Amino acid sequence: MGFVPRIVRCVNQNTSADCVPLGCRPWFASGDLSRPPFRLGCGGMDDSDQELLDRLRAGDERAFVVLVRRHHAALLRFASSLVDNRSVAEEAVQDTWLAVVRGIERFEGRSSVKTWLFRVLVNRVRSAAGRERRAEAAGSGFVSGSFGRSGGWAEPPTEWATDVDDRLVAEQLGRRARACLDGLPPTQRQAVLLRDVEGLPPEQVCSTLGITSGNLRVLLHRGRARVRAALDAEMRNA
Amino acid sequence: MLFRRRQALTCRRAVELMSDYVEGALSAPDRARLETHLSGCPHCTEYLAQLRVALNALGEVKAEDLSEDALEEMVTLYRQWRAG
């Protein structure tokens, strides 16, 4: 099963008008995405996902816009960990949103909306890809050389002298963590993204990725250790 | 009855347990063994502190902002779907 065809992206303002009927220019086309010219009835942008789903069921387009603004970027980032190609990832996320609005009546609220979105995305990608999974190098690698035969430290961690609570240092570490995420093996990246970045509960990460809790623990252990090692390199060079 | 005393953790094993430790996912005996090890091992204590910093940094990673074009694209798809 393939993805739905993508809409050809408008390349300038003139052709953009062809995509949206005259007089129906959406508020987000005004250029200021941070300040919509309307107030949503139940707390504006702070509406809970569940309230937004209720309104989406009733056909409220603005609820769809808020949901997309809230989750689209995270879905796209996660999709990029599932497939190699950026445009394929974008198509998968588009397809996910359409599947969500089509199947919204079937959402029973057993998990969070965020978890449901990620689960739909995984299902769309895997069904399209025939559940093909990329191979990943075995072994923990990253710290194996740090220990001697006895299991004690051969290369103990160096204390980070810099104050990690300093705002600039925190930003620096955040950038490094983000870059490191992109370089993790796919399965580790998926686990770390859902658990540590998106904050999904472990059992929901397992069900979304179709892995056991044991698998998840191994993936998190390895992925987190790689991120720590990347930050360690950053701090040594600071 | 035989009483088999569990061996003390090696640093390698302690590090392997730390990810579960910060999740609160260790069994009580494993947690106790790890904490005993940590109380006497400054290197592993440092590693654990750095692991926590890494987790905090991951929690601060933000996705890219959604572009206006991408949002408009999604709304157009939504309208097409609504129109049947």
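Which residues in α9(A) and α3(B) meet? In α9(A), they are A:R224, A:V227, A:R228, A:L231 and A:D232. In α3(B), they are B:Q50, B:L51, B:V53, B:A54, B:L55, B:A57 and B:L58. Two residues are in contact if their C-beta atoms, placed from the backbone, lie within 7 Å. By class, this contact has eight nonpolar, one polar and three charged residues. Ala, Val, Leu, Ile, Met, Phe, Trp, Tyr, Cys and Pro count as nonpolar; Asp, Glu, Lys and Arg count as charged; the others, Gly among them, count as polar.

The model is predicted, so local features need pLDDT of at least 70 and side-chain atom pairs count only at pLDDT 80 or more, while totals for chains, interfaces and linings use all residues. Residues are numbered from 1 along each chain as its sequence is written, and chains are lettered from A and ligands numbered from 1 in the order in which they are written.

Chain A has nine helices and zero strands. Its elements run α-α-α-α-α-α-α-α-α from the N terminus on. Helices (H or I, at least four residues) and strands (E, at least two) are DSSP runs, numbered from the N terminus. Chain A has 238 residues, of which 34% are buried. A residue is buried if 20 or more other C-beta atoms lie within 10 Å of its own, exposed if 12 or fewer, and partly exposed in between; C-beta atoms are placed from the backbone. Among contacts in chain A with a separation of 6 or more, 63% join residues 24 or more positions apart.

Chain B has four helices and zero strands. Along the sequence, chain B follows the pattern α-α-α-α. The radius of gyration of chain B is 24 Å, well over the 12 Å that the globule rule gives for 84 residues, so chain B is more spread out than a compact globule. The radius is taken over C-alpha atoms, and the globule rule is 2.2 Å times the number of residues to the power 0.38. The C-alpha trace of chain B spans about 75 × 35 × 15 Å along its principal axes. Of its 84 residues, 30% count as buried. Contacts in chain B between residues at least 6 apart in sequence join residues at least 24 apart in 58% of cases.

The contact between the chains takes 50 residues from chain A and 40 residues from chain B. On the side of chain A that touches chain B, at least two residues each come from α3 (61-82), α4 (86-102), α6 (167-183), α7 (186-197) and α9 (213-237). The largest share, nine residues, comes from α3(A). This side of chain A divides into 31 nonpolar, eight polar and 11 charged residues.

Helix α3(A) bends by about 45° at A:H71. The bend at a residue is the angle between axes fitted to the seven residues ending there and the seven starting there. In α3(A), 17 of the 22 residues are buried, so this helix is largely enclosed by the rest of the structure.

Helix α9(A) packs against α3(B) (residues 42-59) at an angle of about 95°, with their axes 9 Å apart. Axes are lines fitted to C-alpha atoms, for helices over the stretch in contact, and angles run from 0 to 180 degrees between N-to-C directions. That makes α9(A) roughly perpendicular to α3(B). Angles of 65 to 115 degrees count as roughly perpendicular, under 35 as roughly parallel, over 145 as roughly antiparallel and the rest as oblique.

Within chain A, the axes of α7(A) and α9(A) come within 8 Å and cross at roughly 95°. Helix α7(A) is thus roughly perpendicular to α9(A). Residues in α7(A) that meet α9(A) include A:T187, A:Q188 and A:R189. Among their partners in α9(A) are A:L216, A:L219 and A:R224. The residues of this contact divide into five nonpolar, three polar and four charged.

A:A92 is found in helix α4 of chain A. A:A92 is buried, with 26 other C-beta atoms within 10 Å. A:V88 also lies in helix α4 of chain A. With 17 C-beta neighbours inside 10 Å, A:V88 counts as partly exposed. B:Y47 is buried, with 24 other C-beta atoms within 10 Å. Leaving aside neighbours within four places in sequence, B:Y47 is in contact with A:P157, B:V15 and B:M18.
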